[in-house]
Amino acid sequence: MSQVNRRDFLRVAAVAVGSGVALKASQPGAEATVWQIDPALCVQCGRCATNCVINPSAVKCVHSYPICGYCDLCGAYLQPAAKTRDTGAESQLCPMAAIQRTHIEGVYYQYTIDEELCVGCGKCVKGCAMFGNGSLYLQVKRDLCVNCNDCAIARECPSGAMHRVPLSESYLLKTDPPPEAQG
Amino acid sequence: MLRNKSHHFIKKPFLFQLSAIAAVVSALFILIVSTLMIANYIQILALDPVDQPELLALREEYAHSSEMDPEMIARIRALDFLSRKAYFTSQTHLITGGKLLLGAAIVFLVSMRLAGRWNPQAPGPPQVSLSKGHWSRQSLLRELVILAGLVLMIVAALAALFTPLNLPTAEELAAELAEDGGEAGETVATSEEDIVFPDWEALQKQWPSFRGPGGYGRARTEKAPLQWDGETGKNIRWKTALEAPGFNSPVVWGDSLFFSSATDTERKIHCYDTEEGELKWELQLPAFPGTPDTPPRVSDDTGHAAPTMVVHYPFVYAIFANGDLVCCDFSGEVVWGKNLGVPENHYGHSSSLIAWEELLYIQFDDKKNPRLTALNAQTGNVVWETKRKTISWASPSIILHENRPQLILASEKDVDSYNLSNGALYWSVECLDGEVAPSPAWTKAHVFVGQDYSIATAIKLSEEGGTPAGEAVWEWDDSLTDIASPVGAQDYFIMATSRGEIVCLDALTGEDHWLEDYDDGFHASPISVGDLVYALETNGDMHIFKASSDYELVARNALGDKASATPAFVNNRIYLRTHAYLWCVEEGS
């Protein structure tokens, strides 16, 4: 029996692994799951910003425009004790100045999240939930998350809001106003 | 490619040395970058941008204070900026360091591989026998490598601990702000002395701003010349030829007269001696960070230097259509300057500057972001800023009603009154329409505004619960002004229109007492001096009439040159800027 050299062994091994992967991909199986935050359970504890293995966190604030009231006095944008409704740091709630405020007309303003700046602390989400329609909420960004087996945020999440969802439904989006707002 | 396919074991010493050097250099680079990255990572871990304790404490203090302390606001803003800057800078360093580390590691591995290829060792037993203790030395070396790694980690940690990203404390920040302010790259005040800016008493003795002290067209000089003639030189103290494009009006402080000029390419401040009319100095503005290369489009009637300067001794301030704002001293040295952004304003920025105590006020009417900004007059730092609903081409006025100063601004819709200290809105009356250029007038506790094709409105001032309030009490909609600002003179509001009409209305009732037609029209705003009103027509004729219920012309004096700027009345003299000349009129000259 001839001795197999290293190069031939590697070639055979590569073919075997490649065939296995192709076979696996062609067969139906359980869909991969990813971590996501359920907005209905999230209590905006702030741990998403500090516990994620990615720094800054893979959790970002997202905005549902159909739900937003475009308020001038925005609980997500302004400090609770803000003396003026302007863009000064003394008035803004977001510690990273990640919310852009744009005047639309009259007393209506549009709020846009700058994801590059957002660290997922959830302060704005809490403010919006307390004084507004709850149009801001936290979501794990798929392009940032490394999908750890044991998610460091899920481990510490006090409300169990972080859980696995099918990859095809990886975002739990709020798209419609709550029933009371539609009223 | 990197595999050694040669079986001849040919050595290439030069290439070997080259790759060996590259490997050593990249290894050292990896060590240095690793150390810095470890230090940086430890610093990031220690930095909490979300709940920065100093900032939280300052915000808490601010929230519980009853007033909007400008100094505290500035400290919060500066600390907030520094906190975020430190965090994101560290993040950038970490990402950049990672990329550098990856690149250096690739270079190191490739160099090592190449070094092995170009210095091949023939297989077989060593040609010389291993010396005694060879293996123990190898073991020791391995331990030394591990030890060196540990030392490196400790050094990095110590470096991080002893060079923390400590943000300044509130006290340090206050001291820093006091030392020098301004945004990076701007020309900022280099030192802060204990400058005492003039109070209202001092302002009234000068002509510091557009339409005089307070900016509402009332002169405090005891008397003003009644007769002069530009052609014969009668009562003309001096006359100086000008080549300075710009429609802004002269301002005077002591023996210095200032105005600005601008073209597409340059912006200047001019200072003249009030005694002889000689040029003291000219300052050509440098380009500030943000100064656009291409000037904004402005109408010919507005130009690039429409806003009148303000003197707030010991400084003078000027603003131009491209958003350049400069502060210079009485010798023409720039104290600070900045570009506020090019205002989107289809005729060109026209609102003049005004100052009160330690603050300089800018009605910055940019269509995208119309705002009223108060700057520290000494440093140029923003003290407060408040948004305006719409723009205008009028200028701010400061009035004292029941000993409380109010900053009055007209916009395309409203007349607004602001608190000078913090920008809080006292009252707002919606009474205007169209493109508003005339500035407010003021007399007998009534503020008066008017705009052609709209209406004129008198707003009665009062106090409601200790806060100033304003209420529209009468309107008038006949001949209205479109460029020149009205003036409150005695018991009357007087308007001069660009069609050549002068209208006199009763300040309390709005009754129209008289209307006179003149030849050419008025762009310069009429000025009240005692019981007289001086109205400068565009042909250079000054009409002097009594502020009374019956029209009574006192004098009409010609200069013989076209005039658009509002004259300055101070120390019994009149200073006029016509299109080609600067004039000083004084009785007995």
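**A tour of chains A and B**

Select Phe259(B) and Tyr272(B): both are buried (under 20% relative accessible area with a 1.4 Å probe, protein chains only; over 50% is exposed and in between is partly exposed). This is a predicted model, in which local features need pLDDT of at least 70 and side-chain atom pairs count only at pLDDT 80 or more, while totals for chains, interfaces and linings use all residues. Residues are numbered from 1 along each chain as its sequence is written, chains are lettered from A and ligands numbered from 1 in the order in which they are written, and side-chain values use heavy atoms, without hydrogens and water.

**Aromatic rings**

Over all chains the structure holds 23 aromatic pairs (rings of Phe, Tyr and Trp, the last by its six-membered ring, with centres within 6.5 Å; planes under 30 degrees apart are stacked, over 60 edge-to-face, the rest tilted). Phe259(B) and Tyr272(B) make a stacked one, with 5.7 Å between centres and 10 degrees between planes. Phe259(B) belongs to strand E4 (residues 256-262) of chain B and Tyr272(B) to strand E5 (residues 267-273) of chain B, so the pair ties together parts 13 residues apart in sequence. Strands (E, at least two residues) and helices (H or I, at least four) are DSSP runs numbered from the N terminus.

Next, show Trp253(B), Phe258(B), Trp281(B), Tyr313(B) and Phe330(B), which ring pairs link into a cluster.

Two lysines sit over rings (NZ of Lys or CZ of Arg within 6 Å of the ring centre and within 35 degrees of the ring normal).

**Strands of chain B**

Move to the open sheet of four strands, ordered E7-E8-E9-E10 (chain B) with antiparallel pairing (two strands pair if DSSP finds at least two bridges between them). Strands E7 (310-312) and E10 (334-339) of chain B are at the edges with a single partner strand each, so one side of each has no neighbour in the sheet. Within the sheet, E8 (residues 315-319) and E9 (residues 324-329) of chain B pair over five bridges, and Tyr317(B) stands opposite Cys327(B) in E9(B).

Then select E21 (residues 456-464) and E22 (residues 467-476) of chain B, antiparallel strands joined by nine bridges. Ala458(B) faces Trp474(B) in E22(B). The hairpin has two residues between its strands, and Gly465(B) takes a positive phi near 60 degrees.

**Helix H1 of chain A**

End at H1(A), where the count of buried residues among its 21 residues is zero.
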